[in-house]
Amino acid sequence: MSVAASPPVRTSFHYGWVVVAVAFVTMGIAVNARTAFSLLYPPILAEFGWDRGVTAAAFSIGFLSSTVIAPFVGMAIDRTGPRAIMTLSALLVAGGLWGATMISTPLGLYLTIGTFAIGAVIPMTYIGHSMFLPNWFTSKRGLAIGIAFSGVGVMSIFLFPALQALIEQHGWRSACLVLAAACIVILIPLNLFLQRGSPAEVGLKSYGEHQGEGVAAPGRRAPVIVDEAWAARDWTLSAALRTTRFWWLAGGYFFGLFIWYSVQVHQTRFLIDSGFGASEAAFALGLVGLTGVVGQIGIGAISDRVGREWAFSLAMTGFAICYAALIAMGRLPSPALMYLMVAAQGLLGYGLASLYGPIPAEIFAGRRVATIIGALSVIANIGAGTGPWLTGYVFDRTGSYEPAFIAIFIMCFACVGCIWMAAPRKVRRIAVSA
């Protein structure tokens, strides 16, 4: 008597969620160590008396430094996975933060905080993780990446007030040393022993495939390939560079990071100028990160249902509201406007991070996708680097942030237009409700 074969067991656990957890902690520390420049900025200005543009240039130099190394980070991840590059990044960031405690000139600030603490952090940031996290998920990609990236917000609400209290009691150098220690004690062992770049490294398929070879779950439609010839190609960097889609996407990422980091660097100083206390401004920065948890997970999940372009548009609407609130606050400061700025930036704007990896991964799928994302990051980081510097420069020349904020508000709409022109929906239409 023959026995019917049992159906394959569908397991709920997948190592991809370990990768997500490691990324959650790594970015919670690394990205916030970079963002903490917004807290270090006022006491550094007060101690040395440098111009705002000169001081904010450290952040810009950091992003320009990361621009130089971004393609090499992508190549390294494509070839060897993320573990070695993450470990090296943590060492360099820790060294930069420690070195910053001994600076006395802008050049010293640029070399330590700029080149190392901000520039070398890129493998551990949204960009670095976007180069390999999409490999782990065929389904729930936006949601999984949103969860991983939400570590930044969860930790920020505790980290930034604690750092501000440390700065007020013991000075900004003590804050640098605490962040350096966290990189050494937590980030190095976590990534060295647990992080992986693809399911193949542990003998698995991506999440979704391992539960049924890509078959859609009940009540869902499987992802639809719209352009079969495009999707079937194993994209390389040289091939991607010859497409208009790459350059539209690069334009969108340039504007997106210009918009994001201009407010991130200057909002603490702006709030203090507007009459808010230093602790209140630090709390607002942390609250942006906390609300960003909802934004990153929510926008990522929404993008899995309605498409990447619509979700990207929603995220950039958040930044447009944020800058409109900043412009209004410059004329009539109020707690209501401050919390509107925080909510729009976090609940919507921060969702941009959960889309950074999935969009190019779905347009330019292949063995060299991390290299392609690295090349896109060169252009994106130029936006992230020039935004804070140019915003500070405009303030130094005009005595007001308003002209820069108005220009960036308009830039939000140009950013959305670029992503719609890149049109990931015309390559793959992702899973939606049936």
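1. Let me start with phenylalanine 255, which is partly exposed at 23% relative accessibility (buried means under 20% relative accessible area, exposed over 50%, partly exposed in between, with a 1.4 Å probe and protein chains only). Phenylalanine 254 is also partly exposed, at 22%.

2. A word on the basis: this is a predicted model, in which local features need pLDDT of at least 70, side-chain atom pairs count only at pLDDT 80 or more, and totals for chains, interfaces and linings use all residues. Residues are numbered from 1 along each chain as its sequence is written, and side-chain values use heavy atoms, with hydrogens and water left out.

3. Aromatic pairs come to 25 (rings of Phe, Tyr and Trp, the last by its six-membered ring, with centres within 6.5 Å; planes under 30 degrees apart are stacked, over 60 edge-to-face, the rest tilted). Phenylalanine 254 and phenylalanine 255 form an edge-to-face pair, because their ring centres are 5.6 Å apart and their planes stand at 75°.

4. Tryptophan 310 and tryptophan 420 are edge-to-face too, with centres 4.9 Å apart and planes at 85°. Tryptophan 310 sits in helix H14 (residues 308-331) and tryptophan 420 in helix H19, so the pair ties together parts 110 residues apart in sequence. Tryptophan 310 is exposed at 56%, while tryptophan 420 is partly exposed at 23%.

5. For the fold as a whole, the chain has 19 helices and two strands (DSSP runs numbered from the N terminus: helices are H or I of at least four residues, strands E of at least two). Its radius of gyration is 21 Å, close to the 22 Å of the globule rule for 434 residues, so the chain is as compact as a globular protein of that length (taken over C-alpha atoms; the rule is 2.2 Å times the number of residues to the power 0.38). Buried residues account for 57% of the 434.

6. Where does glycine 62 lie? Glycine 62 belongs to helix H3 (residues 52-80) and is buried, at 0% relative accessible area. Beyond neighbours within four places in sequence, glycine 62 is in contact with Gly114, Thr115, Ile118 and Gly119 (contact means heavy atoms within 4.5 Å).

7. Finally, please look at alanine 423, which has a positive phi of about 55° although it is not a glycine. Most residues other than glycine have a negative phi. Alanine 423 is in the loop between helix H19 (402-422) and strand E2 (428-429), and is buried at 3% relative accessible area.
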